[in-house]
Number of protein chains: 2
Amino acid sequence: MQPEKYCRRPHSRGLISITLRKMKKSVLQRARADYQPKLPKALQGSVKVKVGEATESVANQKEIKDLFPHTYGMPVVEFEADENPARVEEPFNVGIILSGGQAPGGHNVVSGIFDGLKSLNKENRLYGFLMGPAGFINHQYMELTASIIKEYRNTGGFDIIGSGRTKLEKPEQFDEGLKILKELNIKALVIIGGDDSNTNAAVLAEYYKNIGADVQVIGVPKTIDGDLKNEWIETSFGFDTACKVYSEVIGNIQRDCNSAKKYYHFIKLMGRSASHIALECALETQPNICLISEEVQAKRMTLDNIVSYICYVVSERAKLGWNFGTVLVPEGLIEFIPSMKSLISELNDVIEEHNEQLSELDEVEKLEAIHSYLTPTNAELYKSLPKNIALQLSLDRDSHGNVQVSLIETESLLSEMVAKRLEEMAAEGEYSGKFNTQHHFFGYEGRCADPTNFDADYTYALGYNAAMLINAGLTGYMSSVRNLTEPSEKWIAGGIPITMMMNMERRKGEMKPVIQKALVNLNGRPYLKFASMRETLALNTLYQYPGPIQYFGPSEICDRPSMTLLLEHGKEI
Amino acid sequence: MQPEKYCRRPHSRGLISITLRKMKKSVLQRARADYQPKLPKALQGSVKVKVGEATESVANQKEIKDLFPHTYGMPVVEFEADENPARVEEPFNVGIILSGGQAPGGHNVVSGIFDGLKSLNKENRLYGFLMGPAGFINHQYMELTASIIKEYRNTGGFDIIGSGRTKLEKPEQFDEGLKILKELNIKALVIIGGDDSNTNAAVLAEYYKNIGADVQVIGVPKTIDGDLKNEWIETSFGFDTACKVYSEVIGNIQRDCNSAKKYYHFIKLMGRSASHIALECALETQPNICLISEEVQAKRMTLDNIVSYICYVVSERAKLGWNFGTVLVPEGLIEFIPSMKSLISELNDVIEEHNEQLSELDEVEKLEAIHSYLTPTNAELYKSLPKNIALQLSLDRDSHGNVQVSLIETESLLSEMVAKRLEEMAAEGEYSGKFNTQHHFFGYEGRCADPTNFDADYTYALGYNAAMLINAGLTGYMSSVRNLTEPSEKWIAGGIPITMMMNMERRKGEMKPVIQKALVNLNGRPYLKFASMRETLALNTLYQYPGPIQYFGPSEICDRPSMTLLLEHGKEI
């Protein structure tokens, strides 16, 4: 135990206990603690493994196979109830890492693993590495006992052991981590994370197998962004809860919008690399406009096209006497606009090249100088941006010297450009109306919410299932629980080799094996459903108000999966 | 009916019906529609009036009496069950106005009035004036029938008839409104609004009585800010729900904060003229810091004092290894800092005087010029502000030429000044830690939420009770439902003369009769409870996570009143 490193003071372990003891639970938390997550039928007693066919990666089969000689091509497995359990299991220890951003249900993955391990053998032990992969590399950990687990069942957040964004990808890190695994006699490591973390889990599994370390590695699919999914991973956990929290407050804002009838609310939502969250919230709340980054990219839309579309809706609504509305904007939109991508890329080069000169200029001079260095198309676009956005693009650089696209207030960018265009339209007699705006950005509000029943059940099953995968001696597998729009009894539990989800992609100039990201499918039912309603939603006021997440009411309210999942499974919403 | 004015097109009435027909309800809305709000025992059957003692205004009795000769000094009334109802009531018509910002429960006030009226006589009719007082003055209205009311029971928002901020205060407006009241044979007008709207209701009641118009006026106390309360009005409706929505998302942010352990979240909350919302949310969520405007004013704290306090907490937490935390900031803080108030006042004058010259300068020159015109103390404070805040204070003026304090991003102002100070402290070796920030502002997210059971019951009772006050022939009264921390059966229903809540205050240079605003009482239990925990909350991590509003679970979760109300009634939380 080296807890002092965790909090960087001598008695931090003591502190943690004090915190636990003192933190008073809300009445809802106390009632919610008693919720027993539902398990698939197959996991309710002893299980046996049904081995399926060998697998291939989704693309670049040769390259992936060469990179993962020991863990490529393994079969999909499924668990079945074992009516005649053969033997008492030997006790073993397991370690877990929470990697990356928080997602609702993380604590139930942990409690699911814990209960799964204890169901196999009461002597099994669970260790949590602190503050993400860093805790694994630096040997900071704590044992997760029944009394600690009890405090966190069905709660949001990753605060049970903390999370972190250290990338676990170098052999030195693997070797360093192996020392503590051996010291604690840990048989398997569970990594709970998004696509990158699970890619790294696969690399680690291959590495340990290659050196004969005798440590299994299992991944659990987490990300509220919803971009880690495929036939076997129907959804990543946390997406359901986060979208329901965002939809609750979007619904409230829409009620306000429709009561006061005087504002356009521009609402930015999490989702840098895919627009699943915006799409799900649009299906839940029926706003007047929802932009979908993948569509913008596919249709090669320009910023001007997007502004024109919003202006069209605003001016048509004004003709009906409605000077109010709602616009959902995915966080990553800017990077999906091909012309903006090109501008940002050239800006990176220009500012790098002329850095010294630029640093001596004041803001106005700087904007002019940068403008003069850009190629004509980019220069024109740059000039069309509101000044504060152009400045953001020109000043704030990350540690690699790149523009920090995530800091750009896309919601303000759009509303300012729309306001300007509407003024021009008004001058030409094409628009008469009022355009007042409010801005919102929802991210942190949903990432640590208490999980919905769906996420509470799903994560608990994923964790419990992970314990079974470990017991089956598997490595390089991801915990998979499927058939999720059916009652949880009928959910299918098993595992898939992580390598089967991989392809080769360019990352920082190098080809790397990575889990293929699931973007919004423009031929998929969720998008098509939204697209079919879009015009009607734009020119009417058909807001839906989903209200807050409910835990105690009728099942159709409390257990309902996401609209996205229902549609993807061929159901109606 | 002149609905065309409402939507400014010929067929708007049709449009409203289409919207109603088409708008699909969420599953929760459908289940929630069946909720039957609970009524006080006294209102469950026929009622009779118990007349209390004559009243006095809270201050300036002579002035108020002179201004309200016909409606001053009336008695408090209370309703009791009438075992032997004497007579069948004659049918009558009632009009309602929703005034000002939305608050959860407004629709239940309307349905309570409707049900109350129908319980008296099935022939009674209810008319809603559209988009606030403007609809009354301009004769825009609709009849509220059973089928319309049904659509809105237990829902948030004011969209049933819309709301607006037109001030109803001039005799010409009263006369214009009287025409439509007479045309529709309306016996009484119910005004649902905050302190200003209820002040105007009292003025209107006095006016109609004086001219013998034979129209009663009844007020209903609404404001999520919580600043309209006293012995008889224990809370204004909407406060409970709005605070619970804010507390849900603050709790979620705190979980994130405590999981990632890398940000200070500065969270601004609604409440310009009082800090009740921030205080209630602090009691609900136990953040590390919550600023209370009334305390800042009472202790004559400077901006520098506030920044120092936050820096003290941040640096002490850093010593414990904690570079994260949460800070709640009431929206109106700036205006409660005496030195800022003085600066803003001088800025108004300076910019007015030198407007022409200033308008020709660029931003930097303008800041310098303004600085040179200020008196030394104000100049120093002005110089200490972050540049963007100084610009906001210097550029944006409202229609009266005043600084728009509400546009100032107080949460950014504080975090920027704290960051700067921490840098200085670090340079002097007094602080070593990381200070990364996130900002949030919650307002629109809670104003139109579906009401909690508490607000649903309370507003329904207020509305039902208003119908009884009308039937009792009263005018210039406010609907009062008390004893709110007891089960709703035991709530006490009645009315109080609005004049008894009044005193004289200076408004735009003139002394006016107004309802006394209830600020946070620094000797009251809610504040004292928070103050007693403050140091502990600052230097520990004792967040509470209230979770989402629940409608279907155990009563201690679903029916719990606000912490503020519980404490004010001598209960423990």
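# A helix, its neighbours and some charged pairs

Helix α9(A) has these buried residues: Asp195(A), Ser197(A), Asn198(A), Thr199(A), Asn200(A), Ala201(A), Ala202(A), Leu204(A), Ala205(A), Glu206(A), Tyr207(A) and Tyr208(A). Here, buried means under 20% relative accessible area, exposed means over 50%, and partly exposed lies in between (1.4 Å probe, protein chains only). Helices (H or I, at least four residues) and strands (E, at least two) are DSSP runs, numbered from the N terminus.

This is a predicted model, in which local features need pLDDT of at least 70 and side-chain atom pairs count only at pLDDT 80 or more, while totals for chains, interfaces and linings use all residues. Residues are numbered from 1 along each chain as its sequence is written, chains are lettered from A and ligands numbered from 1 in the order in which they are written, and side-chain values use heavy atoms, leaving out hydrogens and water.

**Helix α9 of chain A**

- The helix runs over residues 195–210, and its end C-alpha atoms are 23 Å apart, which agrees with the 22 Å that its 16 residues should span at 1.5 Å a residue. The expected span is 1.5 Å times one less than the number of residues.
- Most of α9(A) is covered, with 12 of its 16 residues buried.
- Just past the end of α9(A) comes Gly212(A), with a positive phi of about 65 degrees.

**The nonpolar core**

- In the largest nonpolar core, which has 241 residues, Tyr208(A) and Tyr208(B) touch the most other members. Such a core is a set of buried Ala, Val, Leu, Ile, Met, Phe, Trp, Tyr and Cys residues joined through side-chain atoms within 4.5 Å.
- Leaving aside residues up to four places away in sequence, Tyr208(A) touches residues including Phe136(A), Phe174(A), Leu178(A), Leu181(A) and Val215(A). Contact means heavy atoms within 4.5 Å.

**Positive phi angles in loops**

- Most residues other than glycine have a negative phi.
- His139(A) has a positive phi near 60 degrees. This residue is in the loop between α6 (133–137) and β5 (141–143) of chain A, and His139(A) is buried at 11% relative accessible area.
- In chain B, Met131(B) has a positive phi near 55 degrees. Its loop lies between β4 (125–129) and α6 (133–137), and Met131(B) is buried too, with a relative accessible area of 18%.

**Salt bridges**

- A salt bridge is a side-chain nitrogen of Lys or Arg within 4 Å of a carboxyl oxygen of Asp or Glu, and the count over all chains is 52.
- Glu568(A) and Lys229(A) form one of them, with their closest N and O atoms 2.7 Å apart. This pair links distant parts of the chain, 339 residues apart: Glu568(A) is in helix α25 (residues 563–568), and Lys229(A) is in the loop between β7 (216–221) and α10 (239–260).
- Glu568(A) is partly exposed at 37% relative accessible area, whereas Lys229(A) is buried at 15%.
- In chain B, Glu295(B) and Lys299(B) meet at 2.6 Å, N to O. Glu295(B) is buried at 6% relative accessibility, but Lys299(B) is exposed at 51%.
- Salt bridges also link Lys50(B), Glu78(B), Glu80(B) and Arg482(B) in a network.

**Cysteines**

- How many disulfides are there over all chains? A search of the whole structure finds zero. A disulfide is a pair of cysteine sulfur atoms within 2.5 Å.
- The sulfur of Cys448(A) has its closest cysteine sulfur in Cys257(B), and at 9.6 Å this is too far for a bond.
- Cys448(A) is buried at 0% relative accessible area, and Cys257(B) is buried at 2%.
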